[in-house]
Amino acid sequence: MMFDAVARNLPFLMGGFLVTLQLTFWALAGGIALGIMVGLGRISRSKWIYQPVTVYVNFVRNMPLILVIFWFYFVMPIFAGRPLNPFLSAVISFIIFEATYFGEIFRAGYQSISRDLIHAAYSTGLTYSQTARYILIPLAFRRMLPSLITQSIVTFQDTSLAFVIGVQEFVRRTSIVDNLEVRSIQLFGFVAIVFFVFCFIGSKISLHFEGKARKSGIL
């Protein structure tokens with residue numbers, strides 16, 4: 001049977017895939033929320049906001065994600081005074097890292113909005129926070145949706161790096177099974193197929209929204 005090792009260990013492997021989906025969900029929820037704030041900070045006229053946010057973005061974006069995960073897991077317990085849960089540590093690391101990329105996507109989206117539109121919002125009496133909430137963020141979100149989906153696919157793929165701190169996500173569990181079954185091509189071929197299917201569907205969704213945005217003149 002071509003996938004006999006996969007069939008024998010399917011519940012265990014799917015348990016790992018569920019962990020991968022949970023990691024992706026929390027990384028996206030936190031990364032997008034923090035990314036919105038980062039994007040606003042990157043276009044702020046206040047140097048007290050702009051400069052710290054810019055340092056954070058440039059520092060984290062120039063670090064490999066695997067090092068962010070590794071150092072957060074081993075350094076934070078020194079300040080916390082106790083070991084961190086590997087899953088929670090991985091989620092926080094992904095949020096810190098992915099927020100910089102989502103933030104740059106939002107920054108580009110904010111800057112693509114006409115200054116006349118923003119000035120018109122101010123002229124109606126809206127404050128900066130109201131303009132951001134009702135004009136900047138909704139418009140930028142619609143324009144940047146294809147890029148946000150693409151970055152979400154990258155985040156989904158990146159979750160496999162959580163194995164370095166012992167999180168038993170999809171790839172880690174496959175490696176455990178492979179150590180027992182010694183069927184590397186079959187097991188990791190199955191992992192590749194699952195990742196391909198999900199990423200391919202995600203890319204098609206991204207293309208759909210991109211085409212829709214172009215037809216409506218948003219892009």
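Okay, so first a working definition: when I say salt bridge, I mean a side-chain nitrogen of Lys or Arg within 4 Å of a carboxyl oxygen of Asp or Glu. And keep in mind that what you're looking at is a predicted model. By that rule, the count comes to five salt bridges.

Which residue pairs up with aspartate 4? That's arginine 8, and the two side chains meet in a salt bridge at 3.5 Å, N to O. They both sit in helix 1, residues 4-8, and because they're four residues apart there, about one helical turn separates them. How exposed are the two partners? Aspartate 4 counts as buried, at 16% relative accessibility, while arginine 8 is partly exposed, with a relative accessible area of 47%.

Now, arginine 8 has another partner to talk about. Glutamate 181 forms a salt bridge with arginine 8 too, and there the closest N and O atoms are 2.8 Å apart.

Next one. Arginine 42 and glutamate 104 bring their side chains together in a salt bridge, 2.8 Å from N to O. Again it's a link between distant parts of the chain, with arginine 42 in helix 2, glutamate 104 in helix 5, and the two 62 residues apart. Buried or exposed? Both arginine 42 and glutamate 104 are buried.

Okay, over to the nonpolar side. The largest nonpolar core has 16 residues, and the ones touching the most other members are Leu23, Ala90, Phe94, Ala162, Ile165 and Val167. Which elements give two or more residues to this core? Those are helix 2 (10-42), helix 4 (65-80) and helix 5 (86-111). Helix 5 gives the most, with five residues.

Leaving aside neighbours within four places in sequence, alanine 162 is in contact with Leu23, Ile69, Ala90, Phe94, Val167 and Glu169. And apart from this core lies another one, of 15 residues, including Ile153, Val177, Leu187 and Val191.

Note on methods:
Residues are numbered from 1 along each chain as its sequence is written. This is a predicted model: local features need pLDDT of at least 70, side-chain atom pairs count only at pLDDT 80 or more; totals for chains, interfaces and linings use all residues. Side-chain values use heavy atoms; hydrogens and water are left out. A nonpolar core is a set of buried Ala, Val, Leu, Ile, Met, Phe, Trp, Tyr and Cys residues joined through side-chain atoms within 4.5 Å. Buried means under 20% relative accessible area, exposed over 50%, partly exposed in between (1.4 Å probe, protein chains only). Contact means heavy atoms within 4.5 Å.
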